[in-house]
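Look at the sequence and the model below. A few questions with worked answers follow.

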2 protein chains.
Amino acid sequence: MGIPGKIDQWLVKRLLAVVGNPPVSVELADGSKVLAEGTKEPEVRLQLHDRKALYALLHRPTLTFGELFSEGRLSVDGDIARALDVIYSGVLSSERESGTTRRLTRQLFQKRPEQNTVNRSRENIHTHYDLGNEFYELWLDKDYTQYTCAYYATPEATLEEAQAAKLELVCRKLALQPGEIVVEAGGGWGGLARYLARNYGVRVRSYNISKEQVAYSRQRAEAEGLGNAIEYVEDDYRKITGTYDAFVSVGMLEHVGFDSYRTMGATIDRCLKDNGRGLVHSIGQNIPRPMNEWISSYIFPGAYPPTLRQMMDIFEPIGFSVVDVENLRPHYAQTLKHWRERFEANSDKVQDLFDERFVRAWRLYLSGSVSAFTTGQLQLFQVLFQRPGSTALPITRERLFANG
Amino acid sequence: MGIPGKIDQWLVKRLLAVVGNPPVSVELADGSKVLAEGTKEPEVRLQLHDRKALYALLHRPTLTFGELFSEGRLSVDGDIARALDVIYSGVLSSERESGTTRRLTRQLFQKRPEQNTVNRSRENIHTHYDLGNEFYELWLDKDYTQYTCAYYATPEATLEEAQAAKLELVCRKLALQPGEIVVEAGGGWGGLARYLARNYGVRVRSYNISKEQVAYSRQRAEAEGLGNAIEYVEDDYRKITGTYDAFVSVGMLEHVGFDSYRTMGATIDRCLKDNGRGLVHSIGQNIPRPMNEWISSYIFPGAYPPTLRQMMDIFEPIGFSVVDVENLRPHYAQTLKHWRERFEANSDKVQDLFDERFVRAWRLYLSGSVSAFTTGQLQLFQVLFQRPGSTALPITRERLFANG
């Protein structure tokens, strides 16, 4: 082996050390193999198929790992999610030992993500959600097309059961009464609005800036005879008008952008009646970190998962009273496993719709997300709130577990 | 009526306007009566029995209202808690209308309360908790002497039932297993430790800096045959040694001081096993405001009720994963009503132990607290957490409502 080979091996060693020396081996283009310090039997085997791939990885690993994987220049032996678990755990434990890394992470975070203006939000949302309803229908649940964390009352629940259980949980938390009017911010494919109207006898006005989703939602509500109870509005949540008994937003906050949380709080304050209740359901994290670069470049532009402290920027300036916070993290790991199974079962159809690279990218994204929710890199917060001193919500949570 | 009378009346009008013109009348020493702007039939009638009382009230109302009331120079017609509800509601709604007040409040808060060093904590706690066990036994529940928010599974529950239900709720949240070891920060009169040891078969080490409480706790645990399972340590929570399956702190955070939250987080991090769980139960608030001046001068020196955002200073720097937050505000209003009933039924005994002024001060404190928790000036947060990625806690809350 020549000098370049030795340098490459040394660089891989350094890279592995930076991420906490997880039990990983890396096979280089020349066939040589590097083991992380302290590893004899690697749990994860990576291959880098060309020398340029190595240098791209070293230059900006958080971005290029995904790029190289999507291009087939980096591959993983065995289950990707398990591989990412191992790598993440290394990163997490090296952080726990090093206050420096933590401080550095916080400093990095001072560079706040760009602000999501109404126009930028529209572009961001278009990139992700307008990939085509046909694509999402291949792997989301059939009944409510929920692209958010489900709720597994039992580990054996199917995806359809768990998504219905999530919708039921949201409704029960909000303690809705027949005849009330609910406003939704970010309605997805309209599933929650249909569930609300059908099972709780409420009227719903649902805001969404994804043209394709709104068209789909309207059509489906009409087909199911719910056209009179639901109004789908193709507009930004900041443009909500009217006053409501309940505000609900499931899986939109991730796209709102931290700088706009106060605006969101003011919007809710403006539209919520005195006895109103609200629920915000969002991906979150324990420690503020920027979104993974690859995810934010290729999958979710403009997205950011807040910490619970950051979410309080919505509620505290208004003085809303937070009544209940539930962290559904393990439920999201399970949801993502179900999505990934269906995605893989339909990967040939996805490849027909797009291409091989797209399939690989989404394979990594779904697997990486399973891993992130398993290891605790990401959390899922459901926050229930009302006005201070309000007696609108029952004083115990018993309603969440009542039969019927 | 002369000029001084007119000036006094004008000043009362201004004072009432500042607190949002609640439906209040104020009778002055000369017998004249002032109604708040817009009020015809006052819901609350205050009397100021000397002119100096009026000027003291104008000078520094948040401090002197309590002083004057305790001294019998200011009196309230009818139920004090109801009177304070009316006044607080006025303040709250005038704040809702005025962003300026809110900003001002935040600015005021920049003057952080003094830091609670270990020595200062000892003094503060002595002032309040060492008033004598005999005093607290007059009006707290008989079984567990809980001086914290109870849990009313049904509105008809007695104080004893509701305090036992609170202890059960805490244990269930922590998902304790027999043989585990639990550390408690701020153990009160030892009731939670006894409940834990007796009903959950765990060993408990309980830290408390109140000498009288520790002596009482030890004696009672011995008498109930729990001496081997519980160790009561007379020391500061920051001195906790050893590692534990669970950390629990019910009603201590109010006395920790905001500047020490990070230290508290680091203490928990140091003493919690990898599969450990923790629960912090504390009075809180929706918007950061300094503690009422009178309360912090006469009742609870060094106390501060944090917002949920501020509480995150304990968890976020460590990266703890917040699993569940429950706001028990209405339960505290009910607990305080029960305490007040018993306090009033025993007020002659309290007067024998102390004096008339003490009885009046505590009457106001208990009534004011009923009002604060009814109107939403104060909240009660129970925060459950574990390490990121931990699978120690069940993924649903069903255990909280299981029979048995």
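Q: Which residue of β7(B) is the bridge partner of B:N208?

A: This is a predicted model, in which local features need pLDDT of at least 70, side-chain atom pairs count only at pLDDT 80 or more, and totals for chains, interfaces and linings use all residues. Residues are numbered from 1 along each chain as its sequence is written, and chains are lettered from A and ligands numbered from 1 in the order in which they are written. Strands here are DSSP runs of E with at least two residues, and helices are runs of H or I with at least four, numbered from the N terminus. β6(B) pairs with β7 (residues 230–234) of chain B in the parallel sense over five bridges, where pairing takes at least two DSSP bridges, and the partner of B:N208 is B:E234.

Q: What is the handedness of the β-α-β crossover from β5(B) to β6(B)?

A: Strands β5 (residues 181–185) and β6 (residues 203–208) of chain B run parallel, joined by five bridges. Between β5(B) and β6(B) the chain passes through helix α9 (residues 191–200) of chain B. A crossover is called right-handed if, with the strands pointing away from the viewer, the path from the first strand over the helix to the second runs clockwise; this crossover is right-handed.
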